[in-house]
Amino acid sequence: MAGNSRTMLELALGLPEQMAEAAALCRCAELGEPVNYGPVLVAGMGGSAIGADLVRGLFWDEVPVAVSALRDYRVPASLGKDGLFVAVSYSGNTEETLSAFSLALKRGCRTLCITSGGALAGLAARHGVPTILIPGGLPPRAALGYLFVTLLVALGRLGLCRSYSRDLSEAVGLAASRRDEWQREARRLASKLVDRLPLVYSTSRLLDPVAERWRCQINENAKTMCHSSFFPEHNHNEIVGMGEPCFMTRKGVPIGLFDKSTHPRTALRWRHVLAVTRGGYERAVELRSEGRSGLARMLSLVMLGDLVSCELARLRGVDPMPVARIDELKRRMAQSRRQK
Ligand code: F6R
């Protein structure tokens, strides 16, 4: 169900229901013949791209198919006729995605679209490209359940991965039963982040896209800066820069995202990093994923981050819904195209 009248917090709390609805919606979509092998390249921007990152993280140690997100107008030289090109745009009107989709069509790639309508749906219909139509009327970032789950279920139906339906049921059930507690935890966490710079670190490849999602949600909902990065790579460069410029020492709050897939040596690295940078980061927070399957664990921290961004918006006195600068930039870009 679309929901312009719902608040961002209500939409964030509704993630499990949206995921369940998305799974059902995708099961009956017409997708065409199975694809026998990857790679899968997913063109999308912002809230429409993160679903591909989540699939990439989920597949990392489970499925031998390379999935990557393409966030640009142009397509890479490596894009060939093998594998699958997926264009994802919630509005269907994002120019970078439309441009990449047109180029993929010219290259003769096997394509699929996920959108709520717009120019992308029109272009796909003209070229006979299978399209999963999702309900419109939401801010794209609040449609993550639709965008991520439809992609995952579609890849399963096309034969690129196993069925994730049991994991999806687990993730939905877990999120529905834990959301009240996660909201309380989000409130506690958000109160530590007011007037501070969250430094969100993933510690396993499953959680890399989760750290990225935290950053984008804090940017767009709480309307403030946020940094994200990943361990152990951080230990080989960023560690040296931590604490400078000096306001960062007082203002940065490291948030470590942990999972049972976190390598024990990486967990040890986190503790040593806090010791090495001692004094500046006494507010550091460690968060653990919950659930059995990788999908449920990943989603548990996605939902917590979404709730933190809404709670932080409330504490900062900003409305999480509008993204005026994104809208204004899109308007200016469209205008300059018309003037050409
Ligand atoms: C807005 C949001 C943005 C959009 C992005 C691309 O809620 O999250 O990051 O997702 O501007 O637009 P769409 O998703 O319509 O292709």
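Contact here means heavy atoms within 4.5 Å. The model is predicted: local features need pLDDT of at least 70, side-chain atom pairs count only at pLDDT 80 or more, and totals for chains, interfaces and linings use all residues. Residues are numbered from 1 along each chain as its sequence is written, and side-chain values use heavy atoms, with hydrogens and water left out.

**Exercise 1.** Work out what the chain is built from and how compact it is.

*Solution.* Start with the secondary structure: you'll find 13 helices and nine strands (DSSP runs numbered from the N terminus, H or I of at least four residues for helices, E of at least two for strands). Next, the radius of gyration, taken over C-alpha atoms, is 20 Å, close to the 20 Å of the globule rule for 340 residues, so the chain is as compact as a globular protein of that length. That rule is 2.2 Å times the number of residues to the power 0.38. Last, the C-alpha box along the principal axes is roughly 60 × 45 × 40 Å.

**Exercise 2.** Decide how enclosed helix H3 is, and name some of its cover.

*Solution.* H3 spans residues 50–59, and nine of its ten residues are buried, so the rest of the structure largely encloses this helix. Among the buried ones are Asp-53, Leu-54 and Phe-59. Their cover includes strands S1 (40–43) and S2 (67–70), and also helices H6 (144–157), H8 (208–221) and H12 (294–316).

Technical notes
Buried < 20%, exposed > 50% of the residue type's maximum accessible area, 1.4 Å probe, protein only.
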